[in-house]
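Let's walk through this one together, from the overall layout down to the rings inside.

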Amino acid sequence: MKTVLRRLSAALLSAPLLYGALLAPLPAAFAPPVLAAPATPVSLTAQDQAVVAKVEEYLNGITTLQSKFLQVAPNGRQATGTFSLWRPGKMRLEYDRPLKDFIVADGSFVFYWDGEMRQQSSAPIGSTLADFILRKNIRLSGDVTVTDVFQAPGVIEVSLLETKDAGKGTLTLVFEDRPFQLRKWRVLDAQGLTTEVALLNPRTDVTFDREMFYFKEPARGSDFGRNN
């Protein structure tokens, strides 16, 4: 399980937008980027373009969001926790006991706390995967390319990748249609392995304590950074 958590932190702290190191150890997050072929533009239908515009409008309309989550690794291992978002710039992802790991973005940097090793890693938000959802104006164009729009009764999926480096992985956002809301995301890495995070009963317009979005090293023997 510890390896799974380090892989997630690597994805959030990695330099490329859609880094394939979701399944790599944490140090890979700070490795020099490897140049690869840019994404080939995909021709979207008028209906697809309308869906993309709807997704952009929805994501930009979120100021605060909080949800329990279920994370499923490629090997089937599961972890649960709480995801909190305060756009622009602030985020906290905290795992349930017995895990003591958490990830927090304070508006400038993203921090990952390894509770077992009692080690902190960080990177500027603008150089990380987290920047996609934390930026003030979310656009599914420019530095990201939409590769597929899938619709089924009650479900909409939009897949995208890093425009400059298509080989590093694909991020798929999964939305419930009525009411329209984000319910999960999947990351398919360069090795063909998929990690999925499902949001359980997400709530918007949540009131947060500003302090929970600043990194504070937990005291020894404590369970979580936020509660100490």
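What follows goes from the chain as a whole to its core and then to its aromatic side chains.

A word on ground rules: this is a predicted model, so local features need pLDDT of at least 70 and side-chain atom pairs count only at pLDDT 80 or more, while totals for chains, interfaces and linings use all residues. Residues are numbered from 1 along each chain as its sequence is written, and side-chain values use heavy atoms, with hydrogens and water left out.

Start with the layout. The chain has 3 helices and 11 strands, where helices (H or I, at least four residues) and strands (E, at least two) are DSSP runs numbered from the N terminus. Going along the sequence, you read α-α-β-β-β-β-β-β-α-β-β-β-β-β. Take contacts (heavy atoms within 4.5 Å) between residues at least 6 apart in sequence: 51% of them join residues at least 24 apart.

Now for the inside. A nonpolar core here is a set of buried Ala, Val, Leu, Ile, Met, Phe, Trp, Tyr and Cys residues joined through side-chain atoms within 4.5 Å. The largest one has 41 residues, and Leu59, Phe132, Leu173 and Phe175 touch the most other members. Helix α2 (residues 46-60) is the top contributor, giving 5 residues. Look at Phe175: beyond its neighbours within four places in sequence, its contacts include Val55, Tyr58, Leu59, Ile156 and Phe180.

On to the rings. There are 12 aromatic pairs, counted when ring centres of Phe, Tyr and Trp (its six-membered ring) lie within 6.5 Å; planes under 30 degrees apart are stacked, over 60 edge-to-face and the rest tilted.

Phe83 and Trp185 are another edge-to-face pair, at 5.8 Å and 70°. Phe83 sits in strand β2 (residues 78-86) and Trp185 in strand β10 (residues 181-189), so they tie together parts 102 residues apart in sequence. Both are buried.

Finally, Phe102, Phe109, Phe111, Trp113 and Phe215 are linked into a cluster by ring pairs. Arg92 lies over the face of Phe102, 4.5 Å from the ring centre.

How values were computed: Buried < 20%, exposed > 50% of the residue type's maximum accessible area, 1.4 Å probe, protein only. Lys NZ or Arg CZ within 6 Å of the ring centre and 35° of its normal.
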